[in-house]
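Colleague: I have a model open and would like to go through some of its details. May I put a few questions to you?

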Amino acid sequence: MAKDLERRRAIDTAATMYLAEEPLDMSLLAQRLGVSRATLYRWVGNHDELLGTVLAEATERTYRKAMIQASGQGPEYIVDVFSRVMRSVEASTELRALTKREPMAFIKLAMMPGPIESISASITAEILQSQVDAGQLTITLSPQVLGEALVRICDIHLYAPLLGGENAEIETALDLITLLLAHST
């Protein structure tokens, strides 16, 4: 139990550093927590694991807020949620600061299987299932498979600037989501 509390304290302190647009320096974090680097690593894993956890938690908060604010039903609601999530991510000064400092680490964390993709796909599957259960959507794929596909579409278009594109392609992602949902019924 004590280790869980210490892990939570380390994650919360790392999140505070992220929100302050500070680099996530493991030595500095250990110093702020009053522990050795070895202890910090035992609690939270390495830098990328900790950063992935911080970003996954921020991702979940972003989705939950978008779900509350979104309107419509069925495909309209789902597209509105994704629109709100992507626009929030694009506007995030904290994320912009991180991607400037550590673009390759972010690409690896955001676009490869891991905690960020996992929480995004899980919440998307939850949204899809809620719309199916409400009779607002019929899908032929499982919510998890369709959710993973929708998240990947969003990622590749949202993070286009990190992959050599000029701008995020949010409207393209939303058009593709709309098309996929229309053909899932």
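Colleague: Leaving out residues up to four places away in sequence, which residues does leucine 55 touch?
Modeller: In this predicted model, leucine 55 touches Tyr18, Leu95, Leu98, Phe106, Leu109 and Ile116.

Colleague: And which residues have the most contacts inside the largest nonpolar core?
Modeller: Those are Leu50, Leu55, Val81 and Phe82, in a core of 58 residues.

Colleague: Turning to helix α4, how far apart are its end C-alpha atoms?
Modeller: They lie 33 Å apart. Helix α4 covers residues 47–69, and at 1.5 Å a residue its 23 residues should span 33 Å, so the two values agree.

Colleague: What does the side chain of asparagine 46 reach at the start of α4?
Modeller: One of its side-chain oxygens comes to within 3.0 Å of the backbone nitrogen of aspartate 48.

Colleague: Let us go to α3. Which of its residues are buried?
Modeller: In α3, residues 37–44, the buried ones are Thr39, Leu40, Trp43 and Val44. Viewed down the axis of α3, they fall within an arc of 110°, so they line one face of the helix.

Colleague: What follows α3?
Modeller: Glycine 45 follows α3, with a positive phi near 85°.

Colleague: Which loop holds glutamate 21?
Modeller: Glutamate 21 sits in the loop between α1 (2–19) and α2 (26–33). Although glutamate 21 is not a glycine, its phi is positive, about 65°. Most residues other than glycine have a negative phi.

Colleague: What is the relative accessible area of glutamate 21?
Modeller: The value is 36%, so glutamate 21 is partly exposed.

Methods:
Residues are numbered from 1 along each chain as its sequence is written. This is a predicted model: local features need pLDDT of at least 70, side-chain atom pairs count only at pLDDT 80 or more; totals for chains, interfaces and linings use all residues. Side-chain values use heavy atoms; hydrogens and water are left out. Helices (H or I, at least four residues) and strands (E, at least two) are DSSP runs, numbered from the N terminus. Buried means under 20% relative accessible area, exposed over 50%, partly exposed in between (1.4 Å probe, protein chains only). A nonpolar core is a set of buried Ala, Val, Leu, Ile, Met, Phe, Trp, Tyr and Cys residues joined through side-chain atoms within 4.5 Å. Contact means heavy atoms within 4.5 Å. The arc is that of the directions from the helix axis to the C-beta atoms. The expected span of a helix is 1.5 Å times one less than its number of residues. A polar contact is a pair of N or O atoms within 3.5 Å; within protein, one must be able to donate a hydrogen and the other to accept it, and residues adjacent in sequence count only if both atoms are side-chain atoms.
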